[in-house]
Amino acid sequence: MKNLKLPSIIGNREAPCLPDARQLTIIGGSGAGKTKFMEKLMDLTGDRTFCLSAIRAPFPEREESRRPGSIDMLYQEAIKSKPYMRSNAVSELEKLTYMLFADEFESLLKLKERSISNQRQKNIKPTKLDQLIKIWERIFPDNRIIFSNGSLMFSTGSGNDIIPVERLSQGEMAVLYYVAGVLYAMREAVIYIDAPSLFLHPTVLNALWNEIESLRPDCKFVYNSVDVEFVSSRTRNVILWVKSYDAEGKRWDYEIIAPGELREDIFIELIGGRKPVLFIEGDMSHSIDARLYPLVFPEFTVKPLGSCDKVIETTRSFNDLSAMHHLASKGIVDRDRRTDREVEYLRKKSVMVPEVAEIENFFLLEEVVKQMASLRGRNKESVFRNIKKRAFDRFRCKLQQQAMEHVRHRIKREVDSKIDAKFPCITAMEAHLRKLIKILEPRKHYNEIISRFNQIIREENYRELLKVFNHKPLINECGVVEFLGYKSKDEYVRGVIWALKNGGKEADIMREAIRRSLNPEN
């Protein structure tokens, strides 16, 4: 990395010079400042920076990059210069596939022009899509990339089960994203890859990155990784061990490790000092999840991922690769009217599903309400009795509406599975759809749910009410804000968060109640 400038070192020591190498790998323990170090390197690299992160690639919920030469900016430039370019892509992966297809179309047009003008075709240069297909089929020998109705589609070697990009596995998406992304990096780029082994099976990991590095001999690669096996697999690699970060001075304590010298103390730092990971819904800035769960599970590193589907898929992928990174990951998703069977399935996949309908209901658990009443100097039994009464009053008013929402959720799930079949003709599909009303039995489900809800009311089973009642205004409507002397729902939520942060016996009781709701069998 001869031309790569390094950040300042703690103690105002002069930044060392990197030996010449094609690969730089940043390593270090949790909280050492690796991510900020990589961000600083990118700033120092300037207009040669090209960044890839598979964890954000398929998802639209992110801030678009304004860095010149980034995938987002390349896509905007392509829209302006190519009138046939599709302009509705939102994720980085989608933008790459659109650009690949547009470039392929442009290449074919040029070939046709030459053919019409009788120009000889000499040494036709492979397109980016040709290069992608070649690597794809080496990594996945039984799979093929095909064209269908203006889109990239993927199939098995037998040609069955033709699927679009969005139905690829997380690992397949990562391969597609990395190969396509590197093809669009600027000349002599410094390509930054965050967590290069994430989502990738060990059997393809090293082969893939060897292929990618061979694809762009003009580029340098900077990896941010805690996977010791991957770090050791890079043959022309300089390791940069980040030990700590001084946020105030914006300096790091780090050390350059020569190739082949990944010492035992660094290995212990990487593996022994890291917390297990807890994937949750929402984002770090706005969601209740990100404020609550780190206080309930301090033994975990909490990572918000946005949607529940991302949490489920990422938890599964992480655990599939547990032998490689040695991290015991779990996930948490809201209950959201899931059936007992759905909940059981997710829990077997290390995804925790609470015994409350949605995260707001945690703040109405009996133990939480009573402990907050004690902290506020209220009579906890009287406060809880009044809140419980109002909650049941609201549940009675919303009974039929809630039952319909539960039926709608169940029917929607069943319809998705029952029409995802192959039909020989449209007539067969129509006949199948006409039978669905008898197969799905919505009224039967509705009556069963109404019966269950009425039983909850008769038995005054408050815990079961919180389990089935999806109604975000409930915190305000049940009176917990009023009875505990808060001005708003947000102020009450902040009060619970504050209590958990400050500790004490009340915090311990509330924390244990929430944990028990997430692990009912423990």
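Modeller: Let us begin with helix α13 (residues 366-375) and helix α22 (residues 505-518) of this predicted model. Their axes come within 9 Å and cross at roughly 165°.

Biologist: Why is α13 called roughly antiparallel to α22?

Modeller: Angles over 145 degrees count as roughly antiparallel. The axes of α13 and α22 cross at roughly 165°, so α13 is roughly antiparallel to α22. The crossing in which α13 passes α22 is left-handed.

Biologist: Which residues make the contact of α13 with α22?

Modeller: On α13 they are E367, V368, Q371, M372 and L375. On α22 they are E506, I509, M510, A513, I514 and R516. By class, this contact of α13 with α22 has seven nonpolar, one polar and three charged residues.

Biologist: What makes the relation of α21 to α22 roughly perpendicular?

Modeller: Helix α21 (residues 489-502) packs on α22 at an angle of about 110°, and their axes are 8 Å apart. Angles of 65 to 115 degrees count as roughly perpendicular. The value of about 110° falls in that range, and α21 and α22 are therefore roughly perpendicular to each other. Their crossing is left-handed. V496, A499 and L500 of α21 meet A507, M510 and R511 of α22 in the contact, which divides into five nonpolar, no polar and one charged residue.

Biologist: How do you know whether α5 and α6 are roughly parallel or antiparallel?

Modeller: Helix α5 (residues 170-183) and helix α6 (residues 202-215) pack at about 15°, with axes 10 Å apart. Angles under 35 degrees count as roughly parallel, so α5 and α6 are roughly parallel to each other. The crossing of α5 and α6 is right-handed. The contact is formed by V175, Y178, V179, V182 and L183 of α5 with L208, W209, I212 and L215 of α6. By class, the contact of α5 with α6 has nine nonpolar, no polar and no charged residues.

Biologist: Let us turn to single residues. Why is V369 called buried?

Modeller: V369 has a relative accessible area of 0%. Buried means under 20%, so V369 is buried. V369 has its place in helix α13. Leaving aside residues up to four places away in sequence, V369 touches F363, L364, V383, F384, I387, V480 and Y492. The C-alpha atoms of V369 and E381 are separated by 9.5 Å, and the two residues are twelve residues apart along the chain.

Biologist: Which residues touch the most other members of the largest nonpolar core?

Modeller: They are F362, V480 and Y492, in a core of 64 residues. V480 touches L364, V369, I387, I475 and Y492, again not counting residues up to four places away in sequence. Apart from this core lies another, of 57 residues, among them F50, A189, I191 and F230. In soluble globular proteins, nonpolar side chains tend to be buried together.

Biologist: Why does E39 count as partly exposed?

Modeller: Partly exposed lies between the limits of under 20% for buried and over 50% for exposed. E39 has 40% relative accessibility, so E39 counts as partly exposed. E39 is in helix α1 (residues 34-45). E39 and Y192 are 153 residues apart in sequence, and their C-alpha atoms are 9.4 Å apart in space.

Biologist: What makes the phi of D336 worth a remark?

Modeller: Most residues other than glycine have a negative phi. The phi of D336 is near 45°, a positive value in a residue other than glycine. D336 lies in the loop between β12 (330-332) and α12 (340-348). At 28% relative accessibility, between the limits of 20% and 50%, D336 counts as partly exposed.

Biologist: Where is E460 found, and why is E460 called partly exposed?

Modeller: E460 is found in the loop between α17 (442-459) and α18 (462-468). Its relative accessible area is 48%, which is not over the 50% needed for exposed, so E460 is partly exposed. E460 also has a positive phi, of about 50°, although it is not a glycine.

Biologist: How many helices and strands does the protein have, and what percentage of residues count as buried?

Modeller: The protein has 22 helices and 13 strands. Of its 522 residues, 48% count as buried.

Conventions. Residues are numbered from 1 along each chain as its sequence is written. This is a predicted model: local features need pLDDT of at least 70, side-chain atom pairs count only at pLDDT 80 or more; totals for chains, interfaces and linings use all residues. Side-chain values use heavy atoms; hydrogens and water are left out. Axes are lines fitted to C-alpha atoms, for helices over the stretch in contact, and angles run from 0 to 180 degrees between N-to-C directions. Helices (H or I, at least four residues) and strands (E, at least two) are DSSP runs, numbered from the N terminus. A crossing is left-handed if the near helix is turned anticlockwise from the far one by less than a right angle, and right-handed if clockwise. Contact means heavy atoms within 4.5 Å. Ala, Val, Leu, Ile, Met, Phe, Trp, Tyr, Cys and Pro count as nonpolar, Asp, Glu, Lys and Arg as charged, and the others, Gly among them, as polar. A nonpolar core is a set of buried Ala, Val, Leu, Ile, Met, Phe, Trp, Tyr and Cys residues joined through side-chain atoms within 4.5 Å. Buried means under 20% relative accessible area, exposed over 50%, partly exposed in between (1.4 Å probe, protein chains only).
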